[in-house]
Amino acid sequence: MTQQNFSIEFFPPKTEAGAEKLRATCAKLAELNPKYFSVTFGAGGSTQQGTLDTVLQIRAAGHEAAPHISCLGSSRDKLRAILKTYKDNGIRRVVALRGDLPSGYGDFSSSEFHHANELVEFIRAETGDWFHIEVAAYPEMHPQAKSPQDDVNSFARKVKSGANSAITQYFYNADAYFRFVDEAHKAGADVPVVAGIMPITNYSQLIRFSDMCGAEVPRWIRLKLASFGDDTDAIRAFGLDVVSDLCERLLRGGAPGLHFYTLNQPTATHAIWTRLNRI
């Protein structure tokens, strides 16, 4: 059986206090020996400098890091410069995404890029095989896709453009993940699809994020979380059980790995990984 890999996602801190906290979080989660840490960006690549700074900080601490790169609203020249910077700093893995435009940006019809597969093609044309390219996958369908099959076809285009592997949006329905992987393989997208995992620690935050990105929180989980009210200990204990069980099922079912959306918090991810007896 192929080795199952574990990775962790951060967002760039906006303050020095946030940067200090992230250094401590990274040190704590490094105990889990993840394959790499990924670092997100803001809408339209608006925190690209923060992404670079955070990636270099993680590298300086002795860990592998993968920056997210967005293309919507960006130019070829700008992306070429970004790729050169990462290559010059020895970065070998990137997460290539279409991205979203900042609020108030307006129409993006004049953008040089409109879809993530175009970004993947550009990275390959510019850098050959230097980068391991990760792309996004949506087991429960991208919110802007016309249909589930349209979404699978979109994913297949990214893979055929040169992506090496994928990371999913988070989900709590393992069947949706396994079905998506099967359909992607049938569409010719036979690359590892790592399962994205969102620990549950805060009910209102989880519902807000999920409604925004199109991830479904099953009704039984919503009702159970709502029943705890402001009892944060109960919410976290229940969330640990639910997400640990989900991870176990995914790994037993052959998922090639887990990618944790930490929101720059170490505790829940560390607890889940420990529960899985992976350290």
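The report below turns to the aromatic pairs and then to the cavities.

This is a predicted model, in which local features need pLDDT of at least 70 and side-chain atom pairs count only at pLDDT 80 or more, while totals for chains, interfaces and linings use all residues. Residues are numbered from 1 along each chain as its sequence is written, and side-chain values use heavy atoms, with hydrogens and water left out.

Rings of Phe, Tyr and Trp (its six-membered ring) pair if their centres lie within 6.5 Å, and planes under 30 degrees apart count as stacked, over 60 as edge-to-face and the rest as tilted. By this rule there are 11 aromatic pairs. The pair of Y170 and Y261 is edge-to-face, because the ring centres are 6.4 Å apart and the planes stand at 65°. This pair links distant parts of the chain, 91 residues apart, in strands (E, at least two residues, as DSSP runs numbered from the N terminus).

Elsewhere, ring pairs link F6, F260 and W273 into a cluster.

A cavity is a set of points on a 1 Å grid over the protein atoms alone where a 1.4 Å probe fits but cannot get out, and lining residues have an atom within 4 Å of a point. The structure holds 2 cavities of 30 Å³ or more, and Y170 is among the residues that line the largest cavity, as are Y138, F171 and C213.

How values were computed:
1 Å grid on protein atoms, 1.4 Å probe; cavity = no way out; pocket = protein on both sides within 12 Å on 5 of 7 lines; lining within 4 Å. Points joined across faces, edges and corners; volume = space filled by probe spheres on them. Helix = DSSP H or I, 4+ residues; strand = E, 2+ residues; numbered from the N terminus.
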